[in-house]
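Subject: Structure for your review

Dear colleague,

Please find the sequence and structure below. My notes on what was found follow directly after them.

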Amino acid sequence: MSNDPTHQFLVNKIVPIEIGGIDFSFTNASLFMVATVSAAAGFLYLTTSQRGVIPTRMQSVSELSYEFIASMLREGAGSHGMKFFPMVFSLFMFILTANLLGMFPYFFTVTSQIIVTFALAVFVVGTVILYGFYKHGLGFLKLFVPHGVPGALLPLVVTIEVISFLSRPISLSVRLFANMLAGHITLKVFAGFVASLSAFGALGIGGAILPLIMTVALTGLEFLVAFLQAYVFAVLTCMYLNDAVHPGSH
Amino acid sequence: MFVTAAYAQQSTTTEGAEAHDAPAAGEVHTETGVAHEAEHGSGVFPPFDSSHFASQLLWLAITFGLFYLLMSKVIIPRIGGILAKRHDRIAQDLDEASRLKGEADAAIASYEQELANARTKGHSIADTAREEAKSKATADRAAVEADLTKKITAAETRIADIKSKALADVGAIAEETATAVVKQLIGGNVTKTEIAAAVKASAGN
């Protein structure tokens, strides 16, 4: 069973909690959420505790991530979008840390659970909808009516715009979830080949070299994907927030 | 084998819990319909197992909410403060540098000004000296020329005087000569007035 590539995604109860007949147990997923938050917040807190004008290496990592997200948001949603900076920064740091923690063997990957990524995506799109209506009232609906479209085509275009808007939480969540899931399964399968081939003696060990190289290469790729998916999630969040801040500008 | 047994046992407990939770979970999470269908199979794909969705959502809300609060209240103001402080410091240093540069420029400008002033002053001194010398020379020359002209005029008057006197003498000499010649030639006496008229007539020719 330990060779089952999906075994790593199993959620196990650590402290069973049940409230009103609903299972709210503290699971290994919960544990790694806590670990993610602790690691990310702890890193950012400890590295910036010196408040140095000349930063140490670790402090400049924290500053770099801050400026990276700040410039991303400013480019994506303009200076009015900067009020969402804590949200985008938290999302990016949370997803990045969760993805990177998932790279440790035997660690649980929080972002490989569709419900987690879906909840984060709903949080983003929900913020866009709530802020859009709060700020622009019904003017937010201009988002679905692009400029310069001939009247005859308008119903079709608006339908397409509405569908594309509604598919955002799905595409946003599935992209992250599927990338993490597929990457970890592939890694597990290739690593499993190494273990099972080397059980066949000398010839097997010789044959296991190829999947071993593959595993090493894939590990590197997975680190890239871990960063890239956090980046993509943050960039798309910035783009969607731009719709809430400036509807009808595209 | 041990792992398999443990897994089997665990899956039965999970299924038991699912059966118990099914109505409530169904009410709360309608969007997980796909997973609901899948979970009836024994080998449900773990990420789609909706029995733990409620727990995941709750703990995500708790941990992410806490993380968000920490970020917005502590970390972001802190890093923002560090960056702003550095930015201010750099701006301040740049201001100081530009102020010093301004001072240096002003010093250079005043030096250049002094130099230009001195140069113009030197020029003006030289010019005045030259002008003075020139005007003095002109005046001297004018005086000398005037003196010379006076002398020339005086000389010319004297020459004219002598000339007119000489010319007047020429008439008298001619008369005397003519009288003497006439006396010698014809021995007769000719009146003075006749001689004078003749001389005047020949002189007029």
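How many helices and how many strands does chain B have? Chain B has four helices and zero strands. Please keep in mind throughout that this is a predicted model.

Chain B

From the N terminus on, the elements of chain B run α-α-α-α. Helix 3 of chain B spans residues 53-186 and bends by about 45° at B:Met71. This helix is hardly covered, for 13 of its 134 residues are buried. After helix 3 of chain B comes B:Gly187, which has a positive phi, near 65°. In chain B as a whole, 11% of the 205 residues are buried. Of the contacts in chain B between residues at least 6 apart in sequence, 32% join residues at least 24 apart.

The UniProt record, an unreviewed entry, lists residues 94-121 of chain B as a "coiled-coil region". In the model, that span is 100% helix and 0% strand, and its end C-alpha atoms lie 40 Å apart.

Chain A

Chain A has eight helices and four strands. Their order from the N terminus on is β-β-β-β-α-α-α-α-α-α-α-α. Of the 250 residues of chain A, 36% count as buried. Among the contacts in chain A with a separation of 6 or more, 65% are between residues 24 or more positions apart.

For chain A, the unreviewed UniProt entry gives the annotation "transmembrane region" to several spans, including residues 84-108 and 221-242. Residues 84-108 of chain A are 68% helix and 0% strand, with end C-alpha atoms 29 Å apart. Residues 221-242 of chain A are 100% helix and 0% strand, and their end C-alpha atoms are 31 Å apart.

The nonpolar core

The largest nonpolar core holds 61 residues, of which A:Val88, A:Phe92 and A:Ile95 touch the most other members. Which elements each supply at least two residues of this core? They are helix 1 (28-47), helix 2 (57-77), helix 3, helix 4, helix 6 (168-197) and helix 8 (209-245) of chain A, together with helix 3 of chain B. Leaving aside residues up to four places away in sequence, A:Ile95 touches A:Thr111, A:Leu176, A:Gln229, A:Ala230 and A:Phe233.

One residue in a loop

A:Ser112 is placed in the loop between helix 3 (85-101) and helix 4 (114-136) of chain A. Is A:Ser112 buried or exposed? A:Ser112 is buried, because 27 other C-beta atoms lie within 10 Å, and a residue counts as buried at 20 or more. Residues up to four places away in sequence aside, A:Ser112 touches A:Phe9, A:Gly102, A:Phe177, A:Met180, A:Leu181, A:His184 and B:Pro47. A:Ser112 and A:Ala182 are 70 residues apart in sequence, yet their C-alpha atoms are 8.9 Å apart in space.

Where the chains meet

The contact between the chains involves 41 residues of chain B and 39 residues of chain A. On the side of chain B that touches chain A, helix 1 (2-28) and helix 3 of chain B are the elements that give two or more residues. Helix 3 of chain B gives the most, with 26 residues. By type, the residues on this side of chain B divide into 27 nonpolar, eight polar and six charged.

A colleague

Note on methods: Residues are numbered from 1 along each chain as its sequence is written. Chains are lettered from A and ligands numbered from 1 in the order in which they are written. This is a predicted model: local features need pLDDT of at least 70, side-chain atom pairs count only at pLDDT 80 or more; totals for chains, interfaces and linings use all residues. UniProt positions are given in the numbering used here, feature names are shortened, and annotations may be inferred rather than shown by experiment. A residue is buried if 20 or more other C-beta atoms lie within 10 Å of its own, exposed if 12 or fewer, and partly exposed in between; C-beta atoms are placed from the backbone. Two residues are in contact if their C-beta atoms, placed from the backbone, lie within 7 Å. The bend at a residue is the angle between axes fitted to the seven residues ending there and the seven starting there. A nonpolar core is a set of buried Ala, Val, Leu, Ile, Met, Phe, Trp, Tyr and Cys residues joined through C-beta atoms within 7 Å. Ala, Val, Leu, Ile, Met, Phe, Trp, Tyr, Cys and Pro count as nonpolar, Asp, Glu, Lys and Arg as charged, and the others, Gly among them, as polar.
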